[in-house]
Amino acid sequence: MNFGYTPEQEELRRQVEAFVQEHVTPDVLRDKEAQDDVMRGGTGDPFGSHMRELYRKLLDRGWLGIAYPKEYGGQGGDRISQYIVEEAFMRVGLNISLSGSGAPAIMAAGTEEQKRYYIPRLISREITFALGFTEPQAGADLAGLRCRATRDGDHFVINGQKIYTTSGHLSTHIYLMARTDPTLPKREGLSIFIFPLDTPGVTVRPLWSIQNNPRAPLGTTYGEARTNETFFDNVRVHESTLLGGENKGWKVAADGLNLDRVGAFRYVMSVRRDEDIVNWLKETRLEGYADNPAIRDKVAELWTEAQVCRLMTMRSMSIVQRGRDFSYEGAAEKVWAPEHGVRTTEAITQMLGPYAQLLRGSPHAVEEGVFAHNVLGAFQSGVNHGGVQIMRDQVARRGLGMPGPRRQKAAGN
Ligand SMILES: Cc1cc2nc3c(=O)[nH]c(=O)nc-3n(C[C@H](O)[C@H](O)[C@H](O)COP(=O)(O)OP(=O)(O)OC[C@H]3O[C@@H](n4cnc5c(N)ncnc54)[C@H](O)[C@@H]3O)c2cc1C
């Protein structure tokens, strides 16, 4: 087994790293900060001119959609090359990945027309999706969702509420799960719809996260200040907005979410927390840190652990690349990485002592409070995009072939 890159991939890595050094300028990073401000409810440009220019250059080089077929605006390249580009950008705090974009799900379940329309626009970021699955009473128990899509000829009329529609205020479209047949068993009467968020009847309202005040500094791993509640009031959409067919939503969503988890995101998120503390320890002039054997031992252990996530990511990409059945591996990463994040941030908290509680804005905050904000983000990431307990259930059922939990009989029955 060869874990190294091919000579072509190694050359790409060199090119991308040189590009990042030259083109990810302080102006681009200021645009990224401004984008974070808009996420937080500010009124600036969510996509500043320097950021726009950077994306144009990336598009020209074909680096935004390397692994997507040429007929849909990609390069027909391999998944590892795509990973190399994603990793280099994520390391400087820019997520240019198409993981989490809805593109993998559309490739897997879309009609030819949907693929031709959406994939090039997702690659260029002309279209971005918010994910509309969770409802106030349906999170882990997603199959219990109530949002209704009622057929009316060749249209559907949607009514209901979603919660945690992250980036719903910045995205152009929504990837929505709704109940199309309430007479069928819970999982069988669901469908996915993809349509513009400016369709009449859609209202997006802010829902502030724990990272809102003070705002997390750039480099915080999972520092979104805002998510949303989205309301659907007699929203009329054509049946061509169905993804994967009527009442087929459960499988489309499960496969799509699993594929959406493949990419550099989780590994870089894990390892950056470890590397950031190592860099701080190397630079700090405070006594009793870098030369403390217990701290040195702990950071070495955490960094080594993070490499497990890289191997899991590489394995996932290799499976997807070869077109093999990819059923539980994304869920396994989703268990491993957030829990590593919690372990890491808790260990850093112990190392920094009282400083670990100081958020951005405190005059004594370490590194602008990034470590303190990372603690908050680590706990969020154990719940979002599927809670780790639910992911464990998927690994047990799909990966290990175990039966689902037996329903307990109520006492006295
Ligand atoms: C910051 C953030 C961003 C998010 N963004 C989006 C988004 O863009 N789009 C979207 O649709 N959703 C989004 N979510 C929602 C996320 O997917 C849900 O929070 C998640 O599915 C859990 O649902 P819940 O919050 O209702 O918790 P609950 O369902 O109430 O669960 C609470 C806890 O109990 C555990 N649990 C529940 N049932 C079981 C069980 N049977 N066995 C074992 N453990 C169980 C869960 O894993 C969780 O840890 C986001 C959430 C957060 C926090």
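Does Ala347 count as buried or exposed, and at what relative accessibility? In this predicted model, Ala347 counts as buried, because its relative accessibility is 7% and the cut-off for burial is under 20%. The residue sits in helix α10. Its C-alpha atom is separated by 32 Å from that of Arg398. Along the chain, Ala347 and Arg398 are 51 residues apart.

Helix α10 covers residues 329–352. It has 24 residues, and its end C-alpha atoms are 34 Å apart. Of the 24 residues, 19 are buried. The helix is therefore largely enclosed by the rest of the structure. An α-helix has 3.6 residues a turn, so residues three or four places apart point the same way. Just after α10 comes Gly353. This glycine takes a positive phi of about 60°.

The ligand is the next topic. A shell of 16 residues surrounds the ligand. The closest are Leu131, Thr134, Tyr164, Thr166 and Gln389. Two domains each supply at least three residues to the shell: domain 2 (129–248) and domain 3 (261–399). By class, the shell holds 7 nonpolar and 9 polar residues. No charged residues belong to it.

A polar side-chain atom of Thr166 lies 2.7 Å from a nitrogen atom of the ligand. In the side chain of Gln389, an N or O atom is 2.7 Å from an oxygen atom of the ligand. Phe133 takes part through its backbone, where a polar atom is 2.9 Å from a ligand oxygen. On its own, the ligand has 970 Å² of accessible area. The protein covers 64% of that area.

A further polar contact lies within the protein itself. Ser171 is found in the loop between strands β3 (155–163) and β4 (173–179). Its side chain reaches the backbone oxygen of Ser167 at 2.7 Å.

Methods
Residues numbered from 1 in each chain as written. Predicted model: local features only at pLDDT ≥ 70, side-chain atom pairs only at ≥ 80, totals over all residues. Heavy atoms only, no water. Near = heavy atom within 4 Å. Polar contact = N/O pair within 3.5 Å; in protein donor to acceptor, adjacent residues only side chain to side chain. Areas by Shrake-Rupley, 256 points an atom, 1.4 Å probe, with all protein chains shown as cover. Nonpolar A, V, L, I, M, F, W, Y, C, P; charged D, E, K, R; others polar. Domains from an automatic or database assignment. Helix = DSSP H or I, 4+ residues; strand = E, 2+ residues; numbered from the N terminus. Expected span 1.5 Å × (residues − 1). Buried < 20%, exposed > 50% of the residue type's maximum accessible area, 1.4 Å probe, protein only.
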